[in-house]
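Me: I have a model open here and would like to talk through how it is put together. Could you go through it with me, one piece at a time?

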Amino acid sequence: MPDLLGTSHEDTALTVKDRHAAMHFDLRQRICLLDHPPGAQLSETALAEEFGTSRTPVRRVLARLEEEGLVHSVHGVGTIVTDANIQELEQAYRLRVELTALTGRLDPVAPNSAFRRCWQNLIDRAADMIATGTPQSFTLLDMEVFETLLQLTANVPLQQVLERLYYKTKRLWLVRAIKAELDLNEEYRIFLHELEAIQIALRSDDLEAVAQIQRAHISMSFNRLLRCSDPRSGVAVSDGKERQ
């Protein structure tokens, strides 16, 4: 709730909160883009100097990233970026698949004209990605798409859980893309098809359809990642079917 009196104490508190949020967003994005790759050590002193703050807020942000599974503390060593292991993250990915379907049923928010214009812009950029995209630029666009779609539910606990699961698993795709284990042109085309299908559902204000389209594409993307890790097998994560 806004401060109707406009006291300086509240303004200062908000400013501090915003700085912490910006630092968390920046570091999380660097980890997800592999600017800080798995195994990299994050120095509290260096980060405090970079962000122009003391070590205490840096320590709090690193603790939050550890809760989210992106870093872990090693006694006598410091804070280390966690590995992006598909076997370890499989359960998190499966949970993300199932929870995504709930965004169309729990406190859905009808898209307005501004949202629709934003979505068309995302589609245009996804189309350009086919000709000019890189794994990193695609990942950045995918992050923006995720954050945009998250606005279609007003259920805050669901938003928070999905955000944590998304960023916890996001690196899996980029690691394999950089290793040339994925057909990037095909990945970009599939992504564009997903955005276009969502746009059709948005025109009908069918948010359950939007959620189901997201769910299906997340599931198929994870299946492709699993096939990269074991080319001899196929999977079906969406319905809990056995691998074959």
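Me: Which strands does helix α3 lie across, and at what angle does it run to β2?
Reply: Bear in mind that this is a predicted model. Helix α3, residues 55-67, lies across β1, β2 and β3, and its direction makes an angle of about 115° with β2.

Me: What is the order of the strands in that sheet?
Reply: The order is β1-β3-β2, in an open sheet of three strands with antiparallel pairing. The edge strands, each pairing on one side only, are β1 (41-42) and β2 (71-74).

Me: And how many bridges join β2 to β3?
Reply: Four bridges join β2 to β3, the latter made of residues 78-81, and the two strands run antiparallel. Within this pairing, Val74 stands opposite Gly78 of β3.

Me: Back to α3, which of its residues are buried?
Reply: Pro57, Val58, Val61, Leu62 and Leu65 are buried in α3. Seen down the helix axis, the buried residues of α3 fall within an arc of 140°, so they line one face. On the other side of α3, Arg60 and Glu67 are exposed.

Me: How far apart are the end C-alpha atoms of α3, and what span should its 13 residues have?
Reply: The end C-alpha atoms of α3 are 18 Å apart, which agrees with the span of 18 Å that its 13 residues should have at 1.5 Å a residue. Just after the helix comes Gly69, with a positive phi of about 85°.

Me: What about α2, which residues are buried there?
Reply: In α2, residues 44-51, the buried residues are Glu44, Leu47 and Ala48. Viewed down the axis of α2, they fall within an arc of 100°, so they line one face of that helix. Gly52 follows α2 and has a positive phi, near 65°.

Me: Changing topic: in the largest nonpolar core, which residues touch the most other members?
Reply: That core has 37 residues, and those touching the most other members are Trp119, Trp173, Leu195, Leu202, Val210 and Leu225. The elements that give two or more residues to this core are α4 (86-100), α5 (113-132), α6 (135-149), α8 (171-178), α9 (184-203) and α10 (207-229).

Me: What does Trp119 touch, leaving out residues up to four places away in sequence?
Reply: With those left out, Trp119 touches Val145, Thr148, Leu149, Leu195, Ile198, Gln199 and Leu202.

Me: And which residues does the second core include?
Reply: The second core is separate and has 14 residues, among them Leu27, Leu65, Leu70 and Val81.

Definitions and conventions: Residues are numbered from 1 along each chain as its sequence is written. This is a predicted model: local features need pLDDT of at least 70, side-chain atom pairs count only at pLDDT 80 or more; totals for chains, interfaces and linings use all residues. Side-chain values use heavy atoms; hydrogens and water are left out. A nonpolar core is a set of buried Ala, Val, Leu, Ile, Met, Phe, Trp, Tyr and Cys residues joined through side-chain atoms within 4.5 Å. Buried means under 20% relative accessible area, exposed over 50%, partly exposed in between (1.4 Å probe, protein chains only). Contact means heavy atoms within 4.5 Å. Two strands pair if DSSP finds at least two bridges between them. Axes are lines fitted to C-alpha atoms, for helices over the stretch in contact, and angles run from 0 to 180 degrees between N-to-C directions. The expected span of a helix is 1.5 Å times one less than its number of residues. The arc is that of the directions from the helix axis to the C-beta atoms.
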